[in-house]
Amino acid sequence: MSLQHPANVESLIEASRDKPKHHHKERSGRGLQAASYGARYTTQDLPRDKFPEQGCEAEAAYQLIHDMTDLDGRPNLNLASFVHTWMPPQADKLMAENVGKNLIDEDEYPATVDMHHRCTSMIAKLWHAHPDETPIGTATTGSSEGILLGGMALKRAWQAKMKAKGKNIYEPGPNIIMGANAQVCLEKFARYFEVEARLVPVSEESRYCLDIKKAAEMCDENTIGVFVILGSTYTGHYESVKEMSDALDKIEKEKGWDIPIHVDGASGGFFAPFVHPKLEWDFRLPRVKSIQSSGHKFGLAYVGVGWVVWRDHKYLPKELIFELHYLGSVELSFSLNFSRPAAPIIAQFFSFLHLGFEGYRRIGEGDLVNARILSRALEGSTEFKVLSEIHHEASPNDPGYVEDETKAGHYKPGLPVVAFQLSPEWKKKNPYIQQKWLQTLLRVKGWIVPNYELPPSVEKEEVLRVVVRESMSEDLVDLLLRDLFAIVKELDSMDDSENIATVAHRSQQAVQKQANPKHVPHHKKAKGDKAKSLSVPC
Ligand SMILES: Cc1ncc(COP(=O)(O)O)c(C=O)c1O
């Protein structure tokens with residue numbers, strides 16, 4: 001996140017301001033609200049990058065910030081994100097009522113703490129904690145914190161094991177295995193906590209995610225664990241936790257190395273249990289020692305909550321647990337942050353109570369129905385190729401297979417994610433057109449659909465990706481498809497001398513025309529009636 005505008009923009013803006021003859025202290029520098037609400041509220045100018053001397057009326061601050069947020073994309077049309085963006089008004093109300101509560105204040109907010117414990121317990125059972133074991137877990141800010149904690153526990157457990165054997169823990173030091181498709185927080189763990197990240201190259205054959213055979217070959221006695229991802233960020237594919245677990249069983253038998261698994265279930269942790277309940281990826285597999293998931297993704301809570309659970313106390317090394325004695329009673333703390341907002345946990349509890357297993361199942365099935373429509377429509381076209389597989393039929397021998405073609409169990413398991421690209425035939429026909437233009441052209445119409453390179457070793461491939469969340473109705477899928485095909489048609493009709501700005505301009509005119517049928521096209525406007533210029537990256 002950059003802190004400043006490039007210097008030339010800043011100086012251009014500075015040079016463009018009125019220069020009063022009698023220089024007023026308050027009116028010097030950047031007067032953020034002077035141009036908008038300053039006159040109405042008669043408050044001081046607000047400098048852009050330094051602390052305001054006087055501040056302004058709450059109403060003015062509200063209006064300014066409210067207006068600034070208009071520049072953000074619309075969360076509902078943000079198809080780039082796995083993060084949930086809508087909850088019922090009752091959840092909004094609960095969040096607002098509890099916005100001032102700090103989860104760490106256990107003595108002061110015992111009801112909230114109770115909700116936290118109940119959520120943890122519900123999640124451990126959802127992930128098939130074994131009745132003979134005692135799971136332990138905590139809320140986190142999201143999956144990233146859960147992964148850092150899960151990874152730390154693996155590292156400490158490995159150190160203890162090596163020390164007990166009288167082995168060196170510094171040379172060559174610990175390593176952790178993960179697919180090259182790992183989300184950045186997995187690599188962050190390795191870098192922040194000084195563990196060698198062994199990235200397993202991915203390929204089309206490995207479905208752009210963890211190659212089990214190669215992963216097994218990369219293990220050695222210093223491997224603290226394997227991160228297996230239930231729902232790859234790139235394509236939505238589930239990595240096979242069961243196959244990885246079987247491969248590690250074999251390694252243990254042959255070489256004596258007992259290598260644990262941490263499942264990164266950022267998205268799948270709250271999706272697979274409901275729509276693919278027979279898929280074995282969780283504590284049913286003894287090698288899975290810990291799992292984390294984002295409550296704010298398919299856990300259907302607002303942003304700010306994740307969960308990490310260990311299958312038993314013994315897998316969370318004691319030295320990672322702190323006893324706190326100064327907040328009124330003795331509390332156990334094993335999170336990276338001390339204070340954390342209680343409201344997202346309350347929202348999570350709301351979703352659990354409100355939806356129950358059946359509600360989550362229905363929403364998940366609905367997401368997949370819409371994702372299949374989108375996938376099939378793209379795949380049925382000559383313009384696109386689809387990389388995700390949730391619309392491909394499963395084999396009748398697969399666990400949980402059902403005959404009913406309207407049910408998730410009939411298809412290959414995965415997240416409701418559609419990863420696609422322009423077809424090789426279309427690209428051959430239009431060699432000068434770049435796929436990334438689609439991202440920009442869709443944005444002109446309000447859709448946020450990212451275009452990105454696949455992980456290292458297949459980085460030459462670019463994909464567009466749509467995450468079909470609860471808020472993506474069938475109507476929206478329909479509209480997205482119409483816009484997408486209209487854009488591709490337009491690009492197809494472009495002659496070599498045209499560029500993306502021309503198409504974007506036409507697209508924007510079409511959008512304006514839809515919103516305001518009386519809109520006069522730019523070229524028909526009177527001289528001097530300047531249309532806004534478009535700055536479209538290409
Ligand atoms: C597979 C995977 N792991 C981890 C994360 C990080 O999750 P969070 O944003 O909740 O920290 C993501 C985010 O998209 C993800 O897709």
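Predicted model: local features only at pLDDT ≥ 70, side-chain atom pairs only at ≥ 80, totals over all residues.
How many residues of the shell around the ligand are nonpolar, polar and charged? Residues are numbered from 1 along each chain as its sequence is written.

**View 1. The shell around the ligand.** This shell holds four nonpolar, nine polar and one charged residue (Ala, Val, Leu, Ile, Met, Phe, Trp, Tyr, Cys and Pro count as nonpolar, Asp, Glu, Lys and Arg as charged, and the others, Gly among them, as polar). Of the 14 residues around the ligand, those that come nearest are Gly142, Ser143, Ser144, Thr233 and Ala266 (near means a C-beta atom, placed from the backbone, within 6 Å).

**View 2. Helix 5 against helix 11.** Helix 5 (residues 110-126) packs on helix 11 (residues 343-379) at about 55°, their axes 9 Å apart (axes are lines fitted to C-alpha atoms over the stretch in contact, and angles run from 0 to 180 degrees between N-to-C directions; helices are DSSP runs of H or I, at least four residues, and strands runs of E, at least two, numbered from the N terminus).

**View 3. Strand 2 beside strand 3.** Strand 2 (residues 175-179) and strand 3 run parallel, joined by five bridges (two strands pair if DSSP finds at least two bridges between them). Look for Ile176, whose bridge partner in strand 3 is Ala197.
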